[in-house]
Amino acid sequence: MVVLSLRFLFIAPVFFEKYDVHGEMSRVPAEVMESIRKNKVCLKGGLKTPVGGGVSSLNVQLRKELDLFASLVNCFNLPGLPTRHENVDIVVIRENTEGEYAGLEHEVVPGVVESLKVITKFCSERIAKYAFEYAYLNNRKKVTAVHKANIMKLADGLFLESCREVAKKYPSITYNEIIVDNCCMQLVAKPEQFDVMVTPNLYGNLVANTAAGIAGGTGVMPGGNVGADHAVFEQGASAGNVGKDKIVLENKANPVALLLSSAMMLRHLQFPSFADRLETAVKKVIAEGKCRTKDLGGTSTTQEVVDAVIAKLD
């Protein structure tokens, strides 16, 4: 778990307990879990999940053990950062605790693996309520449920049924549904049509990373994982830039996503003025275009971008 030199956060009444956690570990250390349970909130860097080999994801462990049932990723255009599409402002809310990510799989006989996808009404209703309540509180106009109920008629059908029931309680918010493959096509063709999207676990990962790529890249999109009692904030989309040790060693990693996630954390802690100041400073640096990491077409180091943001704080 990597925390950058975010010295400016100490202007807010926020103090860190720092721990080093790596994706190759078999479990999240007990002292880290104890710290999160005690403090209720965490800011973390990206943790690489080894591919294959039976090593479980520490990210998934955190979400399960703390019941962080909602993943929240905000994908939006940043002024000064050119993208193919304009007017993108999408919030992807993903169910975080079940579905394919439950890890319920085993080898039945050599060469035959059974992997179970479990969808429950409780978790589906819970994430739907979170999505509609988020839309209501943040003056969003539409919630789109992403599914594959044309094929997985029972599992995704239950998810859709839950979303429809919750939607009836929010008549001021437009509700619609879209099949996940059509959703991906529509995202790359006309992303401005989407507002808040609510998804089962696996689809949310795909949709959030696609939306992040459209809006400017995974290096600039903030996110968080939220439960009833705890919240963990980290970059919102991880495709392509987590686990690349060379980028970290060369001080070339893009800190913008973590900086904006820090602003989300400050807002969660009910420090909105500090969050606004941080977001404004980040946007000023991006808009000027003088200080950018390699993934955004620049040559700046990680710390140079952080220092530029600090300099822009009012």
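Mentor: Start with cysteine 123. Its relative accessible area is 10%, so cysteine 123 is buried. Buried means under 20% relative accessible area, exposed over 50%, and partly exposed anything in between, with a 1.4 Å probe and protein chains only. This is a predicted model, where local features need pLDDT of at least 70, side-chain atom pairs count only at pLDDT 80 or more, and totals for chains, interfaces and linings use all residues. Residues are numbered from 1 along each chain as its sequence is written, and side-chain values use heavy atoms, with hydrogens and water left out.

A disulfide needs two cysteine sulfur atoms within 2.5 Å. The whole structure has zero of them.

Now look at a neighbour. Threonine 97 touches Cys123, along with Arg63, Lys64, Asp67, Leu68, Phe69, Arg126 and Asn201, leaving out residues up to four places away in sequence. Contact here means heavy atoms within 4.5 Å. Threonine 97 sits in the loop between β3 (89–95) and β4 (105–109). Helices (H or I, at least four residues) and strands (E, at least two) are DSSP runs, numbered from the N terminus. With 17% relative accessibility, threonine 97 is buried. Its side chain makes a polar contact of 2.6 Å with the side chain of glutamate 95. Such a contact is a pair of N or O atoms within 3.5 Å; within protein, one must be able to donate a hydrogen and the other to accept it, and residues adjacent in sequence count only if both atoms are side-chain atoms.

Aspartate 67, one of those contacts of threonine 97, deserves a check. Its phi is near 50°, positive in a residue other than glycine. Aspartate 67 lies in the loop between α2 (58–65) and β2 (70–76). At 32%, aspartate 67 is partly exposed.

Next, the sheet. β2 and β3 belong to an open sheet of eight strands, ordered β1-β10-β9-β2-β3-β8-β6-β7 with mixed pairing. Two strands pair if DSSP finds at least two bridges between them. β1 and β7 (174–179) are the edges; each has a single partner strand, so one side of each lacks a neighbour in the sheet. From one strand to the next, the twist averages 20°. β6 (residues 142–147) runs parallel to β7, with six bridges between them.

Helix α6 (residues 201–215) lies across β2, β3, β6 and β8 (196–199), at about 160° to β3. Axes are lines fitted to C-alpha atoms, for helices over the stretch in contact, and angles run from 0 to 180 degrees between N-to-C directions.

Last, the core. The largest nonpolar core holds 76 residues, and Leu187 and Met197 touch the most other members. α8 gives the largest share, eight residues. Such a core is a set of buried Ala, Val, Leu, Ile, Met, Phe, Trp, Tyr and Cys residues joined through side-chain atoms within 4.5 Å. Beyond four places in sequence, methionine 197 has contacts that include Ile90, Val92, Thr144, Leu187 and Val207. A separate core has 12 residues, among them Val21, Met33, Cys42 and Leu47.
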